[in-house]
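Open the structure and keep the sequence beside it. The text below goes element by element through both chains.

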Amino acid sequence: MSKKFKIVVLAKQVPDTRNVGKNAMKEDGTVNRAALPAIFNPEDMNALEQALRLKDRFPGSEVLLLTMGPGRAAEVIREGYYRGADGGVLLTDRKFAGADTLATSYALSMAIKKISPDIIIAGRQAIDGDTAQVGPQVAEKLNLPQVTYAEDIQGFENGKLTIKRRLERGVETVQCPIPAVITVHATAPDCRPRNAKQLMRFKHARTISEEQDNEHNSYLPLNTKESMRIPEWSVSDVGGDEINYGLSGSPTKVKKIENIVFQAKESKKLTSAYEDINSLICELISSHTIG
Amino acid sequence: MNNIIIYIETEGGRIADVSLELLTKGRSLANQLSCKLEALLIGNNVESLSEELFLYGAEKVHLAQDKRLEFYQTLPYSAITIELFKQEKPQIALFGATSVGRDLAPRVSSSLMSGLTADCTSLEIGGHKEAKSGKEYNNLLYQIRPAFGGNIIATIINPDHRPQMATVREGVMKKEPLEKAVKGKVSSIDVSKIVTDNDFIVQIIERHIEDRKVDIKGSPVIIAGGFGVGSKENFKLLYDLASVLGGEVGASRAAVDAGFAEPARQIGQTGVTVRPKLYIAVGISGQIQHTAGMDQSAMIISINNDPAAPIHQIADYAIIGDLNEIIPRMIKSYKQNSK
């Protein structure tokens with residue numbers, strides 16, 4: 001009998017900070033965060049693909065999404081379903097609010113203990129913070145080995161995964177026993193597209209909170225099938241010491257936030273006419289900036 | 001006790017620039033805090049590198065040497081770092097924001113329950129008063145970094161947890177040796193007491209590290225292209241200009257993501273930080289994500305057909321127009337005037 005894995009993919013819903021268009025800028029030159037669309041964190045998509053490839057190679061394996069966030073983050077689980085995942089859990093509780101990477105890792109690790117997977121795969125980092133800390137911190141909390149910046153999970157033999165890593169100046173291939181935490185780099189293959197059948201089947205998957213909202217807002221059909229229910233876990237579901245969650249579990253505090261305002265400095269405007277460019281180049285040469 | 005410890009990264013028998021940059025920064029922080037600056041050096045046959053660390057102001061080098069520590073591996077390296085921090089209780093610990101530092105530091109911070117701030121662009125010492133309790137703190141490390149895709153700058157502190165940990169990218173801090181090396185000492189760590197066989201369960205079976213081919217950091221002139229350049233083919237114009245002016249070609253994250261240029265050329269918060277004599281930004285809109293990595297350039301010229309592009313506001317010269325016309329004219333003008 002071939003090996004079957006239970007794989008948890010850690011995914012985060014993030015504001016799309018890569019495309020801060022003009023309509024997302026406020027008049028004072030700062031970003032209007034509310035105007036940014038919420039998306040599935042890009043490298044978590046690469047992570048999902050690696051999990052789905054393992055499932056392709058080892059039929060019967062199970063891919064579960066785990067995400068932490070407000071109620072609307074259930075969208076991450078649905079997106080996972082559309083692309084071939086088997087299920088997911090939304091970790092949501094006001095007590096998680098204000099978590100830094102360490103408190104986030106604690107919450108995720110408690111949920112992972114409850115699921116008890118063979119392999120945990122996450123994106124290297126999320127685009128709203130770019131910290132790349134949660135993967136290694138989850139691994140430490142679970143006392144598991146970690147393989148960061150994975151580009152390709154190549155195979156599984158003798159109880160070990162072979163994983164190619166993308167480093168700053170090269171590549172490294174490692175063998176790692178499971179269970180383990182793997183973080184996936186953006187250079188890994190893109191995620192497969194949504195599957196039309198899965199989309200039709202799971203577009204009505206809902207958390208209980210979403211269904212309760214629907215009762216007041218009933219343009220969406222009520223979901224009655226238990227199999228379509230996206231589980232929501234709170235602190236009481238995953239257990240652990242409350243002091244380690246949210247703000248109280250976060251050693252780092254934000255002292256100050258400054259919005260970036262693009263400052264105008266004296267800049268000389270030039271046209272593309274040859275005279276303008278020629279005089280600029282002459283100036284650069286005479287000031288020894290070039291040449 | 002309660003000193004500053006810099007994690008020293010090595011590759012191919014030499015110390016990474018980022019570690020020397022952090023020592024330089026650590027030296028000034030240590031002077032300000034009246035504490036000692038120390039280094040943690042892990043590897044195989046690395047003791048001789050201590051002299052260089054003394055030249056950059058380290059007063060003590062904690063040395064962990066073992067044949068099995070030739071290459072960085074998460075578990076043994078983090079075990080050694082965690083054990084040292086438990087014993088020495090540093091108030092500040094700094095790591096390079098490299099593939100090694102970003103793998104190691106979070107693991108260490110999780111084990112010690114100490115806070116960690118990634119990719120700081122500035123480190124300062126300052127006080128803090130807790131609004132609720134009125135409790136006052138002195139001499140905290142302000143860990144300053146762009147967040148939210150670079151659209152805000154956040155100052156992070158760790159009031160109650162030690163060490164205060166931060167990572168910093170290569171090129172962000174300046175590297176300056178002292179005029180005379182300090183008389184430092186080497187303190188050996190007994191690796192066999194800390195590291196177990198179980199720490200080597202992840203095995204490296206293949207490794208290809210390339211020497212950096214592209215050196216945009218050291219180039220006095222940089223021609224950087226953004227998404228607005230439009231295609232890989234159009235980037236050729238930038239290479240032409242770079243070769244005429246004796247510069248290198250850089251790129252924004254959007255241009256790299258679009259495949260116009262290779263990742264080694266990426267400038268900005270998630271790429272390298274540069275401060276050349278001349279920076280020519282072509283088809284770059286000027287998001288803070290990018291400008292954080294180049295706004296210290298001595299002179300900035302922006303070329304963009306959008307007069308409202310934010311890049312023009314930080315430029316000394318803003319050329320509004322089509323790069324396909326402007327760059328050939330620059331090349332022509334330079335060839336005519338340079339002799």
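Predicted model: local features only at pLDDT ≥ 70, side-chain atom pairs only at ≥ 80, totals over all residues.

**Strand pairing in chain A**

Strand β7 (residues 146–157) of chain A pairs with β10(A) in the parallel sense, over three bridges.

With strand β8 (residues 160–167) of chain A, β7(A) pairs in the antiparallel sense, over six bridges. A150(A) has R165(A) as its bridge partner in β8(A). β7(A) and β8(A) form a hairpin with two residues between the strands. In that hairpin N158(A) takes a positive phi, near 50°.

Now follow β10(A) to its pairing with β6(A). Strand β10 covers residues 180–184 of chain A and is joined to β6(A) by five bridges. The two strands run parallel. I121(A) has I182(A) as its bridge partner in β10(A).

β6(A) is also joined to strand β1 (residues 6–10) of chain A, by four bridges. This pair is parallel too. Here A122(A) in β6(A) is the bridge partner of L10(A). Strands of a sheet pair through backbone hydrogen bonds, either parallel or antiparallel.

How covered is strand β6 (residues 119–123) of chain A? It is mostly covered, with five of its five residues buried. I119(A), I121(A) and G123(A) point one way from the strand. I120(A) and A122(A) point the other way. All of these residues are buried. In a regular strand the side chains alternate between the two faces of the sheet.

**Helices of chain A**

Helix α2 (residues 74–82) of chain A is mostly covered as well: eight of its nine residues are buried. After α2(A) comes G84(A), whose phi is positive, near 120°.

Two other helices of the chain pack together. Two packed helices are described by the angle between their axes and the distance between the axes. For helix α3 (residues 101–115) and helix α4 (residues 134–141) of chain A, the angle is about 50° and the axes are 8 Å apart. α3(A) and α4(A) are therefore oblique to each other. Their crossing is right-handed. On the α3(A) side, the contact is made by T101(A), L102(A), T104(A), S105(A), Y106(A), L108(A), S109(A) and I112(A). α4(A) contributes V134(A), Q137(A), V138(A) and K141(A).

**The seven-stranded sheet of chain B**

Turn to chain B. Its open sheet has seven strands in the order β7-β11-β6-β1-β4-β5-β12, with parallel pairing. Which strands stand at the edges? They are β7 (116–120) and β12 (185–188) of chain B. Each has a single partner strand, so one side of each is left without a neighbour in the sheet. Neighbouring strands are turned by 25° against each other on average, direction ignored.

Strand β6 (residues 92–96) of chain B is joined by five bridges to strand β11 (residues 164–168) of chain B. These two run parallel. G96(B) stands opposite V168(B) in β11(B).

Helix α1 (residues 17–33) of chain B packs on the sheet. It touches β1 (4–8), β4 (37–43), β6 and β11 of chain B. The direction of α1(B) makes about 175° with that of β1(B). Helix α4 (residues 101–112) of chain B lies across β1, β6, β7 and β11 of chain B. α4(B) runs at about 170° to β11(B).

**Helices of chain B**

Helix α3 (residues 74–88) of chain B has 15 residues. From first C-alpha to last it reaches 21 Å, close to the 21 Å expected at 1.5 Å a residue. Its buried residues include T74(B), P76(B), Y77(B), L84(B) and F85(B). K89(B) follows α3(B), and its phi is positive, near 45°.

The last stop is a helix pair. Helix α6 (residues 232–245) and helix α10 (residues 323–337) of chain B have axes that come within 10 Å and cross at roughly 20°. Angles under 35 degrees count as roughly parallel. α6(B) and α10(B) are therefore roughly parallel to each other. Their crossing is left-handed. L237(B), D240(B), L241(B), V244(B) and L245(B) are the α6(B) residues in this contact. They meet L323(B), N324(B), I327(B), M330(B), I331(B) and Y334(B) in α10(B).

Key:
Residues numbered from 1 in each chain as written. Chains lettered and ligands numbered in written order. Pairing = 2+ DSSP bridges. Axes fitted to C-alpha atoms, helices over the stretch in contact; angles between N-to-C directions. Contact = placed C-beta atoms within 7 Å. Buried ≥ 20, exposed ≤ 12 C-beta atoms within 10 Å, placed from the backbone. Expected span 1.5 Å × (residues − 1). Parallel < 35°, antiparallel > 145°, perpendicular 65-115°, else oblique. Left-handed = near helix turned anticlockwise from the far one by under 90°.
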